[in-house]
Structure formats: structure tokens, C-alpha cells
Amino acid sequence: MKRADIGIGIGLLFLCIWLFWYVGRYRPVEVYFYGPDFFPRVLSVIMMILGLALILNAFAGNSLKKTERIDPRGFIRMLISIGICMGYLFLMKILGFASATFIFLFILMSFLKQRGIIIRILSSLITSIVVWTIFKYFLVIPLPEGVFF
Amino acid sequence: MQFDILLEAFSKVLLNPINFFFVFIGVTAGIIVGALPGLTATMGVALLIPFTYRLEPVQGLIMLVGLFCGGIYGGSISAILIGIPGTPSAAATILDGYEMGKKGLAGKAIGMATLASFFGGTSGALIMTFCSPQLAKIALKFGPPEFFALAFFGLGIIITISGKSLLKGLISGIFGLMITMIGYDPLSGCPRLTFGSTELLGGITLIPVLIGLFGYSQVFQGIEKILVLPTVKSELKHIIPKLNEIKSVFKTMVKSALIGTFIGAVPGTGCDIAAFVSYGEARRSSKNPEKFGTGILEGVAAPEAGNNGATGGAMIPMLTLGVPGDAVTAVLMGALTIHGFQPGPLLIKDHPGVVYPIFAGMILAQFVMLGVGLGGMRFFARIINIDRRIMTPIIFFLCVVGSYAMRFSFFDVGVSLIIGVIAYFMNYYGFPGSPILLALILGPMVEQNLRRSLIISHGNPFIFITRPISAAFIIIGIFVMIASYYRIKKAMEREEKRVSAERK
């Protein structure tokens, strides 16, 4: 994890230098000498020290050993599922909460290779209807309504 | 202790079937979440919060408390049946519970785990009920320096929840504090780090961050590595242990419940440590320590009484000082805030009508847990077999709904997704998520009281060590940090030795 630690440490240093400079615009008024810029500046200094320590720690060879690696195929699967979620949020405004939820769950289960179309349809249908009913009639929380429901 | 209020709260909670219903829902959901490996009680509470928005605060909060208790107990079911702890707090239960399962005694092991959990949980809840008001009375004398010192003490917990790297835990904590900077400055009203966005003026709310940290990140990991768990084959027979078996472990249960409650009350320790310490103590004081690990009832009773005792213990600092005992109580603290109650010394004084029913609800939850646990054991055992390809999309969906429902905002869903992706990478690079949550909760308290104290003292930082209570918190905080640091270091060394021995 040495390279990752060095990269993250450098990123933190840049982020905190920028933050230290950026919060300077929140000038303290007379009453509050310790104004809105005080705490963010304290935090950015501490974070800079920690970032530097992370880099030095990595160079000293004390970085943690990587126990798990990101599976590239799994990672792509995760990205696609986020894409499906984005589509779901878009669809929710057009079709309505319950119908979009049913489609989202069915597509995601199919994408994750769940066997048996009946199981997929039933579990998607039951989940979307149960949660929709709880939110709409029991908790009275307004949900996006589209063409359907 | 206002006994009249306590009795009224008990009658209000115990005699109202609606309250019983919510506790039942919470406990059952908790057992299911706890029994499913990979889903934690923290995640369960985070996902259930949106369902409490429109409920009466007491009903919503006792449901969450029920989920907390049920979740900690539920972990033992998968620990005994498949040798995988449903929650980290059930890790110690595997040592003897799984061995009993392999001998065909899974039913008896789960029965004992249920009884011990009930005993530990009830003891912890009773101690919480009687100790919390006394501690809150002392805390009422606090001023800004004391509150800052208290928050400093609370942030010291970051060290204990930092996992393998203290440095990375601290970075996570500071990152969390930085998130709290976004939005209006609480003292001057100046908008900070909003970059012109009106949605950010109110700051980043707790729930989307919480769901991102504990919900989405686990969902993403689940999707990356679709987990297939071994099927439960064990038959569940002889569920209720015999009276002489209960008698033989009674002393262990009492001791473990007390140890668990005490450990739970120390901020930053949590149910998992309580379980291991209780198991260790039971083994140390046993006449037959060599039998531990071979599948004995005492080895199941000790960790289960300990980890459930810790649930009541962990609530004490959260309710009285506003400092969460562990990650789950940190989420519960967020739930209290969402319902308009600020955890801390004033909570019991200002809102006895909410706090005392929580005490009563927690005790009721133990009885419900006993009934549901013993009655629904076969059902929960079957739940473990549900395919992850069905569960993961459903949890994904609950995360979306949960982050949307608080403000009916798609912006919050986006924030939650982004935090989830960050948390997913953080996990791979060894940065723990819990310090962020802790910092989010304690951040405003730290900043406001630090600045107020410095304004009062005209910039003199010695104000924090010249006032006795404040000085005591800072000294204890430093002591806890140092002790935790060495404890983690020791544990890491032990782990390294174990790994190198295994390689040889």
C-alpha cells in the first residue's frame, strides 16, 4: 500500500493548502475574533501534518500490507450497478416510485445473475409494493409520482 | 431518580400494544440483520431511521433500540450455525458455539445464547436506567470548556476504532470534522464551503453520510464479491436448555453481564470487546479452562451475556454526556437529533417523557428478544440461506429510499452515493469509516465550545486545564488514547505472530 499512501498523502497536502487559503475569505468580525475561518484552518494544519506523516510512514516502509485487492471484474460490476441506480433515479420521476423500483430491482437481480425469473419478479414486486405502501399510507412520506405510481 | 416518571414510562410503553408492536418490529428486523453475515447492527439502525420520521419519537426510538438489541443477539445465530459471525460482536461466540453446532447441538447453543443475551441485555438495561440520571446530574454543571473537553474525550475514541492504523483513523476523523464545516457557521452565520450551492447551506446532513458510510459501501463490496454462504444443514433440536444447565452457567452469566455493561459504558469499546473480555474472564476463572473452545455452554453464555450487557452500557454515555459508546449508539444519537432531541446532560432533565420510555423500551426489547429468539429460531436459521443476489439489490434500494426520505431530496441521494464510493475505496486502503461518523456527531460540539471558551478566556488556552472537570476529561481522554494505542499495538503484534506461525 506504499504507493497508495504516498499518493493519498500528497493529495491531502494539496487539499489542505488550498483549504487553508480558501477559508481566508471568511474574515472574522470584531465580536468573533475566533471567526468562521479559525476551525477550518486548525483542521487543515492538522490534516497537513497527518498527510506528511502518512508519506513519511510510507517511505519508512511502515505502510500496511494489502490484505484485499479490488477485483477488476467486480469493480466494473459495481460501476454498472451505480449506473443502473442513476437510471432508476431518472426513471422514478417519469414512471413513479413503485414501478421504477420494480424495474430497478428486477434489472439489478438479473444483472447479478439471480436464477429463476419467477423469484426475481416476485421479490422485486413484493419489495416495491411493501415499501411503497409503508411510505405512502403508513408514514405518509411523499414519493415521486410519475405516469404510473 | 424520578421513580414516578419511570413508572409512568413503563406503564406507557408496556401497556400500549402499539409500542409493543414497534419493539417487536425492531427486534425482529435486528435479529434478521444480525444473523446475516455482512450486515451489521449499525447498518440496520441507519436503514431503519427513515422509517421513523413520521412516527411518534418514542415509538421510533424504541424500535431502533429494539433493533440494536436484536442485532447484537442475532449475530450469534450465524456464528453457531455456519461459523461466520453475523456481527463482529458475535466473533467470540464462534469459539464454542460453532463447535457445539458441529456436534449437532446447534439448537441447544442458540437456546443458551438467547437466554444469556436476554440476561445480559436486561442487566445492562437496568443498570442504564438507574445510572444514567445520576451521571446526567453531574454533567449539568458543565460549561463551554467542559463540553469541549468532553468532545475531545469523545474524539479520543477514534484511536480505539481506528482498526489497524491509528494514522489513517485520525485522517478519517479529521476528514469527518471537515465535512461538518460545510454550511452556515453556527456562531457567526457565515456560509462556509458551499461554493454557491443553496443545498449545501444547511450543511451535509447526517443520514446521507451515514447511509453512504455503512450502507452503500457494504452494498458495493457485496456487488463486487457476490458472497455465497454455506447452506445451513444443522437440525435445530432441544432449543431450551435444561434447568441444571442454566444453573451451571448462571454465575458466568452474572459476571459477564456486569463486565459487558461496564465495558460498554466506556466510550469507544463496544460489544465485540465486551464479548471477548467476558469470554476471557469466564475461561480464566473456570475450573476447566481447557474445555473452552471445544463446545461448552459456558463458552456461549459468557460472550453473549457480555455483548448484550454492553448494549445498555453503551447507551449511558450517549444519553447523559452526548458521547456515543460505540458505532451503533453514534447512529442512535443521530436518530435522537433527527427527532429534535440533543443527546447530553440536558436530555434527561428537559425530555424525561422521551428518555424514560427509552429505558422502558430497552427492557421490553429484552423480553421480546427472548420470545422472538426462541420462537422464531428455525425461521431465522432459514433466512441465512437467502441468496445474496436477492438481498443485495434490496439493501441497495433501501439505501436509496433512506437517503431520499429525510428531506425528499435527490441531492441527498447523490451525496450518499458519493460518500458510499469514497467509503468503498477507504475500506480498501485501510481508512476506517467509523471515525468519520464520530467526527460528524461531535464536530459541531467541538468547534462551538472551543471558540466560545477561547472568547470567554480572551484567547487563553489554559482555560481547559484550569477548570477541574474539563482538566479531568482531558487527562482521562489522553490516558484512554495512550492505553488504546498500546492495546491496538499489542493486538497487532499478536496477529502478526499468529500469521507468521501459520505460514511456518
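Colleague: Are B:Tyr216 and B:Phe220 buried or exposed?

Modeller: In this predicted model, both B:Tyr216 and B:Phe220 are buried, where buried means under 20% relative accessible area, exposed over 50%, and partly exposed in between (1.4 Å probe, protein chains only).

Colleague: How are the rings of B:Tyr216 and B:Phe220 arranged?

Modeller: The pair counts as stacked, because the ring centres of B:Tyr216 and B:Phe220 are 5.8 Å apart and the planes lie at 25°. Rings of Phe, Tyr and Trp (its six-membered ring) pair if their centres lie within 6.5 Å; planes under 30 degrees apart count as stacked, over 60 as edge-to-face and the rest as tilted.

Colleague: And where do B:Tyr216 and B:Phe220 sit along the helix?

Modeller: They are four residues apart in helix α10 (residues 206-224) of chain B, so about one helical turn separates B:Tyr216 from B:Phe220. Helices (H or I, at least four residues) and strands (E, at least two) are DSSP runs, numbered from the N terminus.

Colleague: How many aromatic pairs are there over all chains?

Modeller: The count is 26. One aromatic cluster is formed by A:Trp18, A:Trp21, A:Tyr22, A:Tyr26 and B:Phe195.

Colleague: Let us change topic. How much area do chain A and chain B bury between them?

Modeller: About 5800 Å², with 82% of it on carbon and sulfur atoms. Buried area is the accessible area (1.4 Å probe) that two parts lose on being put together, summed over both. In chain A, the residues losing the most area to chain B are A:Tyr34, A:Phe39 and A:Leu112, together 12% of what that side buries.

Colleague: How many residues does the contact take from each chain?

Modeller: Chain A contributes 67 residues and chain B 62 residues, contact meaning heavy atoms within 4.5 Å.

Colleague: Which side chains meet in a salt bridge?

Modeller: B:Lys168 and A:Asp5 do, at 2.9 Å, N to O. The count between chain A and chain B is one salt bridge, that is, a side-chain nitrogen of Lys or Arg within 4 Å of a carboxyl oxygen of Asp or Glu.

Colleague: One more residue: what does B:Gln366 touch?

Modeller: B:Gln366 lies in helix α16 (residues 352-375) of chain B and counts as buried because its relative accessibility is 0%. Leaving aside residues up to four places away in sequence, B:Gln366 touches B:Cys69, B:Ser117, B:Phe118, B:Gly121 and B:Thr122.

Colleague: Which conventions apply?

Modeller: Residues are numbered from 1 along each chain as its sequence is written, and chains are lettered from A and ligands numbered from 1 in the order in which they are written. As this is a predicted model, local features need pLDDT of at least 70, side-chain atom pairs count only at pLDDT 80 or more, and totals for chains, interfaces and linings use all residues, while side-chain values use heavy atoms, with hydrogens and water left out.
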